[in-house]
Amino acid sequence: MPAMPRKRLEPSEIRSPEGVEKKVLLAAPRGYCAGVDRAVIAVERALDHYGAPVYVRKEIVHNRHVVDTLSARGAIFVDETDQVPAGERVVFSAHGVSPQVHREAEALGLSTIDATCPLVTKVHREAVRFARDGYSILLVGHAGHEEVEGTMGEAPEHITLVQNPAEARTVTVENPEKLVWISQTTLSVDETMETVNILRERFPSLQDPPSDDICYATQNRQVAVKKVAPDADLVLVVGSANSSNSVRLVEVALEHGAKAAYRVDFAREVDESWFHDVATVGVTSGASVPETLVQDLLRLLSDYGFAAVEEIRTAEEDLMFSLPRELRKDLKAAGQETSNKRNGADRDHELR
C-alpha cells in the first residue's frame, strides 16, 4: 500500500509568539551562480540545437529540480562515460572531470561539450602548474565529490586530499619545503581556513594559491546567511542533499546564531511544526537552485503568517560566463545566437 500523505497542521494550529510580527529575512545573493547558469543553459541549448537525446555525465548541477526538468526535455544523465553510446554527444557537468574522462570520451568517439565552471577550471590549471613545478599539493575538499575527483585527476601523484581539521593534523607530505594548498570551490570559507591554519602550523613553508579558490558565489551566499542568522529563529535553505554549498549554508547559519536551520529541496518538504514559536524565518538557497523554488517557499511561509519579506543584501553579482566553446562553435556555424541567454528569457521560468 502506498504511504498516506502527511496531514499538514493548519496555520491556526501553529503556536505564534505574542506581540511580534512574523517576517522573513530573505538573503541576497542566493541561488544560481554564473557557473551553474552557464551549465544549465548549455544543456538546454544543446537540446534545442542537436535534438534529444543529449547525454550528461553526472548531474549537470547538484539540484533535483534542474535534473528532473532537463530529463523531461530529453537529457539522459549517466554516471560514467562508458554508459554513453559510441558516437553520441555528452556534456560534462559544471563540477569538472579529470583528463582520464576526456581520454575515455575520445576513445568512444563521443562529441563533448565541457560545461565545467571556469572557476573549477582555474583550480585544475593551478594543480597542473604546481605539479609541473615539482610541488606537493594539499587539496582541501571532500572525498567522493565530483569536483575533487576531477581536480585530483589532473595530478594524482602530486595531490593529497585533506578533508577537515582532524586530517590536517595527521597528513604527511613528500616535500614539506615545497608545498602548496588548493581547495574545492564550494566549501565553507571558515572551515577551510581552520584546516589551512592547522596546515600552516605544521608546515611553515606552505604556500597559498595565487588567488582564492573558494568561488565568489559560495562566499557571497555564506556572508549573506551570516548576516541573517543572528536575527532568525529558523533558517530554511533551499538546496539538494548532494549540493556541498547548500549543506554548508545550513552549517554556517547554525554557527552564526540561528536557533534552528534546515535544508529542503522543495517547499512541500517543510515540516510546518518548525514554525512553532517562530517570529523570524531566514531564507536562502544554494548556488544551483533556481529562484522559482525560493518563491514557492515564500508562498508557503506567507500561508503560515510570514507575509512580510525583508531582503538582506550583502553583495551584488553581475558575472556571466560564455557558453562552452564547442557549443558556441556549432551555434555560430548554424547562424544562431551564441550568448548564454535566450532572447533575454527568464531563466527561472524556463525551468518550471
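**Close-up views of a predicted model**

**View 1. Strand β2 pairs with β3.** Four bridges join β2 (residues 54-57) to β3, and the two run parallel. Strands are DSSP runs of E with at least two residues, and helices are runs of H or I with at least four, all numbered from the N terminus. Two strands count as paired if DSSP finds at least two bridges between them. Tyrosine 55 stands opposite isoleucine 76 in β3. This is a predicted model: local features need pLDDT of at least 70, side-chain atom pairs count only at pLDDT 80 or more, and totals for chains, interfaces and linings use all residues. Residues are numbered from 1 along each chain as its sequence is written, and side-chain values use heavy atoms, without hydrogens and water.

**View 2. The open sheet has four strands.** Their order is β3-β2-β4-β5, with parallel pairing. β3 (75-78) and β5 (111-114) stand at the edges with a single partner strand each, so one side of each lacks a neighbour in the sheet. From one strand to the next, the twist averages 30 degrees.

**View 3. The largest nonpolar core has 27 residues.** Such a core is a set of buried Ala, Val, Leu, Ile, Met, Phe, Trp, Tyr and Cys residues joined through side-chain atoms within 4.5 Å. Buried means under 20% relative accessible area (1.4 Å probe, protein chains only), exposed over 50%, partly exposed in between. Val40, Ile60 and Val91 are among those with the most contacts inside this core. Helix α1 (34-50) is one of the elements giving two or more residues. The largest share, eight residues, comes from α1.

**View 4. A second, separate core has 25 residues.** Trp274 and Leu301 are among them.

Key:
Axes fitted to C-alpha atoms, helices over the stretch in contact; angles between N-to-C directions.
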